[in-house]
Amino acid sequence: MTPVIEIRGLVKRYDDQLAVAGIDLTVGPGEIYGLVGPNGAGKTTTMKILATLLAPTAGEALVCGIPVTEDPIEVRRRIGYMPDFYGVYDDLRVWEYLDFFARCYGVPARRRVGMVDELLGIVGLSDKRNAYVEALSRGMRQRLCLAHTLVHDPALLILDEPASGLDPRARVEMREILRELRGMGKTILVSSHILPELAEMCTAVGIIDRGRLLRSGRIADIERSLRANALLRIDVVGDAAAAAEWLGTRSGVADVLPVDGAPAGIARIEATYDGDPDAQAALLRDMIAAGHVISGFTQAASDLEEIFLKVTGRDDEEEAA
Amino acid sequence: MTASEIPVRASAPREFLSAVGTIMVKELRSRMRGRRAFVVLTVYLAILALIAYGAYVVIVPNAQAQGGFGGPVNASAMVGQAIFILLSVFQLLLVCFIAPAFTAGAVSLEREKQTLDLLISTPMRPGAIIVGKLLAALAFVFLMILAAVPLSALVLLYGGAEAEDIVRQQVVLLATAVGLGAIGLFFSALIKRTQAATVLTYITMLALTVGTILLFVFWSALIVRGNEEAGRFGGNDRAPEWLVYPNPVIAMTDVMAETEAESFGGMTQILAQIRGVELGFDGGGAAIDCAPGMPCQEPGPGQPDVGFNNTVVGHFWPRVSMTLAGAAVLLTLVSMRLIVPVGMRFVFRRRRTSAAADADGGIVDSPLPAGEPPTEANAEEPPA
């Protein structure tokens with residue numbers, strides 16, 4: 001099967017600055033690939049190259065097997081692109097906005113009417129059909145822009161920071177929509193500078209920093225490669241000190257620390273544990289058997305910020321060495 | 001779907017026109033929305049009507065006093081001519097200021113409001129976007145110009161200017177709108193900020209209308225001075241006349257000069273100066289018999305034609321109009337290039353690459369939803 005995105009040795013140099021320093025990336029059909037990295041890491045540049053808005057300095061980028069510099073128009077027919085910053089036209093109503101872009105993509109007139117309503121339904125803006133675009137809230141604009149990427153039923157969506165600047169509720173809504181799009185079989189390339197935001201919905205992520213793709217793959221795999229020890233988070237009802245002491249005596253357990261953040265009446269302890277899930281279950285069983293009252297026992301695996309910092313930080317060390 | 005069933009798209013020109021239409025519909029939707037456009041048009045026509053009426057009020061007593069020479073016909077023609085000239089001047093002035101204002105923000109506003117990337121990442125050709133923008137901006141200017149035709153047509157009641165004069169006037173106005181509109185669009189595509197683009201457009205407009213004439217005068221003066229220093233006096237050397245070819249004011253002067261029948265009409269004189277033609281009765285005085293609104297007496301057989309009538313009047317307006325239209329085409333082409341992302345191919349491939357065909361034949365959804373026969377994409381094509 002032809003991959004939907006294929007990037008080989010991609011380099012983009014602005015005057016004196018290397019924005020993308022050799023990226024290789026392949027995304028297959030139906031995947032949701034998250035690009036995560038700090039601001040200025042090269043996410044937007046990579047996406048703009050795929051969206052045929054920038055020409056690469058070197059290397060190749062193919063969308064559905066079509067090189068972006070060879071046949072940009074054909075590439076554009078296959079992608080829906082949502083930039084990180086964009087404006088909306090004044091004086092256009094919501095339906096007119098979508099209708100305009102549908103026309104831009106050559107959707108025939110008789111299909112446009114029904115399609116506009118359908119898209120407004122998907123992004124939850126049906127009741128705003130006749131509102132002026134400029135009167136929409138930030139979250140609604142974001143969803144409208146997302147709807148505009150769908151007018152021509154593209155195979156690939158390129159969404160640059162679709163959740164930036166949104167309140168938590170709007171973020172959740174955005175995530176729900178992306179999930180729905182995934183259900184429709186779209187391949188999605190989405191970027192964020194916040195890893196946890198992507199972790200929940202992506203089939204794979206790539207961590208990018210200073211123009212390099214540092215890690216790429218399923219999030220659990222990245223995590224495993226980085227962390228030998230699991231970080232356990234245990235909520236104890238009653239005598240937490242005793243529980244902590246008990247934990248300290250077990251082999252494989254280290255760094256037992258009480259932490260804040262638990263509800264009243266419950267004490268939270270974190271500890272690193274060198275053991276697979278079976279061993280973790282055994283540890284919990286033993287702990288309960290020892291008389292401790294446990295209300296929560298989780299692997300604080302998704303401290304993704306930490307992973308992120310670790311990956312980008314490690315690169316620093318390697319460079320320094 | 002197999003590779004042999006690749007959806008057939010509309011032909012290139014049809015696709016281009018459809019994209020131009022898309023841009024125009026969107027632009028006009030915003031522009032004509034609300035009362036603004038109609039208020040502007042009404043006020044504009046009201047001002048023109050006032051000017052025409054004012055000309056009538058001022059000229060009539062004057063014309064009646066002078067009417068003794070040519071009778072009431074001559075007086076009426078004077079009124080008609082005055083109205084025609086005033087309307088021409090005012091409309092030209094207006095087009096010179098309005099046409100650039102409508103286009104100088106066409107691309108840069110999209111850039112400033114960050115909507116350009118969304119537009120450019122559609123499969124519309126850059127040429128279609130630019131042409132659509134230009135036509136949409138000009139559509140309203142054209143509307144204003146054409147809406148004023150009935151006012152100019154008043155002149156036909158009085159005489160002094162003929163239907164052909166009105167046609168010439170319209171040609172010059174439209175050519176000016178296209179030329180200056182394209183200049184505005186060019187700066188809009190070239191420069192990021194609308195403000196700077198607008199200023200540069202107006203500077204260019206002034207350079208064309210005023211600057212070319214000043215340049216012509218100074219250049220000519222230098223040539224005369226040089227001749228005098230070389231000991232040659234009284235020559236007829238002057239700057240090349242093509243300097244004023246991009247000048248809409250000269251074109252309109254020419255159009256207005258057509259209504260001047262006297263050989264020494266002011267506008268004819270100006271044009272004669274530029275052409276370096278001596279006005280005189282070298283043709284045998286046929287011109288002096290011409291009166292406004294009256295057919296000129298043809299030179300009799302054996303009489304040489306009247307020099308200036310053939311070489312001065314009617315010389316400039318077609319040249320200026322063509323220069324402006326040509327410049328518009330050129331600037332539009334350059335503007336197209338300016339909105340293509342740097343490093344991208346300018347002329348996008350029309351034919352699909354074999355990779356594209358493979359992709360459609362393979363796993364990737366075609367741009368059409370499933371269930372829609374591929375040829376439906378072509379439904380807007382008339383049956384062959």
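Start in chain B and select H9(B) and H14(B): H9(B) passes H14(B) in a left-handed crossing (left-handed if the near helix is turned anticlockwise from the far one by less than a right angle, right-handed if clockwise). H9(B) covers residues 163-190 and H14(B) residues 316-338. Their axes come within 8 Å and cross at roughly 25°; axes are lines fitted to C-alpha atoms, for helices over the stretch in contact, and angles run from 0 to 180 degrees between N-to-C directions. That angle makes H9(B) roughly parallel to H14(B), since angles under 35 degrees count as roughly parallel, over 145 as roughly antiparallel, 65 to 115 as roughly perpendicular and the rest as oblique. By class, this contact has 18 nonpolar, 5 polar and 1 charged residues (Ala, Val, Leu, Ile, Met, Phe, Trp, Tyr, Cys and Pro are nonpolar, Asp, Glu, Lys and Arg charged, and the others, Gly among them, polar).

A word on what you're looking at: this is a predicted model, where local features need pLDDT of at least 70, side-chain atom pairs count only at pLDDT 80 or more, and totals for chains, interfaces and linings use all residues. Residues are numbered from 1 along each chain as its sequence is written, while chains are lettered from A and ligands numbered from 1 in the order in which they are written.

Stay in chain B and select residues 12-31 and 126-147, which are H1(B) and H6(B). Their axes come within 8 Å too, crossing at roughly 40°, so these helices are oblique to each other. This crossing is right-handed. Show side chains for Phe16(B), Val20(B) and Ile23(B) on H1(B), and Leu135(B), Ala139(B) and Phe140(B) on H6(B); they are among the residues that make the contact (residues are in contact if their C-beta atoms, placed from the backbone, lie within 7 Å). The contact residues divide into 13 nonpolar, 3 polar and 3 charged.

Now zoom out to the whole of chain B. How many helices and strands are there? You'll find 15 helices and 0 strands; helices (H or I, at least four residues) and strands (E, at least two) are DSSP runs, numbered from the N terminus.

Over to chain A: select H5(A), residues 138-148. Because 8 of its 11 residues are buried, H5(A) is largely enclosed by the rest of the structure (buried means 20 or more other C-beta atoms within 10 Å of a residue's own, exposed 12 or fewer, partly exposed in between, with C-beta atoms placed from the backbone). Leu144(A), Cys145(A) and Leu146(A) are among the buried ones.

Next, pick out the open sheet in chain A, with 4 antiparallel strands in the order E12-E13-E11-E14; strands pair if DSSP finds at least two bridges between them. E12(A) and E14(A) are the edges, each pairing on one side only. Inside the sheet, E11(A) and E13(A) pair over 8 bridges, with Leu232(A) partnered by Ala271(A).

Last stop: E9(A) and E10(A), antiparallel strands joined by 5 bridges. They form a hairpin with 2 residues between them, and Arg210(A) in the turn has a positive phi of about 45°. Finish on Gly206(A), which stands opposite Ser216(A) in E10(A).

Definitions and conventions: Two residues are in contact if their C-beta atoms, placed from the backbone, lie within 7 Å.
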